[in-house]
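User: Hi! Could you walk me through the spaces inside this protein and how some of its helices pack?

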Amino acid sequence: MAVTLADVASRAGVSITTASRVLARSRAVSPAVAAAVTRAADELGYAGNSVARALRRQRTDAVGMVVPSITNPFFTALVDAVEQALQTSDRVLYLCDARDDPGVEAAHLRSLVTRGVDGIVVSPCADEQSTTAVVAAAAAVPLVQLDRHVPEPVADWVGIDDRAAMDLVVGRLAARGVTSAAFVTAARSNSSVRERQAGFDAACARHGIRTDPAWVVPCGFSIEDGIAAGRVLLDLPTLPSGVVCADDLIAIGVVHALGAAGIRVPDDVAVTGLDDLAFAPYVAPPLTTVRQPVARMAAEVLRLLDRSGAERTPGERVMLPPELVVRASA
């Protein structure tokens, strides 16, 4: 039999109204009364009516998050950081996996809005294909884009300076004496892909490193895709002396493909990644990469979501500096 508010009030020796005030935190009561009601609720296992409480308070204490792929360890790290930040204010996270499909992403965004979440965090799958759904969701609830953003400036964004990240890794290659470089990136267009490509091109020009359109290899964000991209590079008439990868998973795959063909990393070809995944120091050779400030990104996301209506200026951009992590691959 379900425990009722009346049961809690009886156990605590207070009225139902007082018990309701304590549990809803709607009005101050004495510390002794609050402690008695809380203790009684805990002892009885009272869960309360979260739907009714949400209607009274006009908030659900729930935030939705939509990521392109939960199987990508970088997005797993982002989810963990956002959830930890939410726990400090007793809020919960509803996680949705878009499976790299803008249609699935749009359905998740509509569902979160319908469920009345207090805010949404989204890393859009693509540029134009994700824009309509992100714009609609941002018009309904506070929304912050994380890592990636759609072209329309309709919602806040938090991420790193992708061009600066490319300048860091290309600068590292130049310091090693690399004179030519390939770029392995995602096939689907999104803001990170565009910015990293532009940053790579600009940094190579600045450091005097030769590039070639034939050395830009599109693939997916996985180790398997990186292996396939590495094999494409091996089929080139001339193998560049450096390979810049758009993320660590791709870089690990490229290193594997090169090693299987007898190419030594970094002696023959230097390889860099991006994200500094938890296992980047433990692959062979340990990966030179760029670290994203994941905890700080999550904190900025929550700050933007929690602004009052009067403080909100849609389209605020928080661009955080990346950090070069030098290991053995470059």
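User: Happy to have it in view. Which helices each supply at least two residues of the lining of the largest cavity?

Analyst: Keep in mind that this is a predicted model. In the largest cavity, the contributors of at least two lining residues each are α5 (73-87) and α9 (191-207).

User: What is the volume of that largest cavity, and which residues are closest to its centre?

Analyst: The largest cavity has a volume of about 90 Å³. Closest to the centre of the largest cavity are F75, D147, R148, R196 and F221.

User: How much space lies in the second largest pocket, and which residues are closest to its centre?

Analyst: The second largest pocket holds about 200 Å³ of space. There are 15 lining residues, and they divide into six nonpolar, five polar and four charged. Closest to the centre of this pocket are D100, R148, A186, G220 and F221.

User: Why do α10 and α11 count as oblique to each other?

Analyst: Helix α10 (residues 223-234) packs against helix α11 (residues 248-260) with the axes 6 Å apart. The angle between them is about 50 degrees. Angles under 35 degrees would be roughly parallel and 65 to 115 roughly perpendicular, so this pair is oblique.

User: What is the handedness of that crossing, and how do the contact residues divide?

Analyst: The crossing of α10 and α11 is right-handed. Among the residues making the contact are I223, G226 and I227 of α10 and L249, I250 and I252 of α11. The contact residues divide into 10 nonpolar, four polar and one charged.

How values were computed. Residues numbered from 1 in each chain as written. Predicted model: local features only at pLDDT ≥ 70, side-chain atom pairs only at ≥ 80, totals over all residues. Heavy atoms only, no water. 1 Å grid on protein atoms, 1.4 Å probe; cavity = no way out; pocket = protein on both sides within 12 Å on 5 of 7 lines; lining within 4 Å. Points joined across faces, edges and corners; volume = space filled by probe spheres on them. Nonpolar A, V, L, I, M, F, W, Y, C, P; charged D, E, K, R; others polar. Helix = DSSP H or I, 4+ residues; strand = E, 2+ residues; numbered from the N terminus. Axes fitted to C-alpha atoms, helices over the stretch in contact; angles between N-to-C directions. Parallel < 35°, antiparallel > 145°, perpendicular 65-115°, else oblique. Left-handed = near helix turned anticlockwise from the far one by under 90°. Contact = heavy atoms within 4.5 Å.
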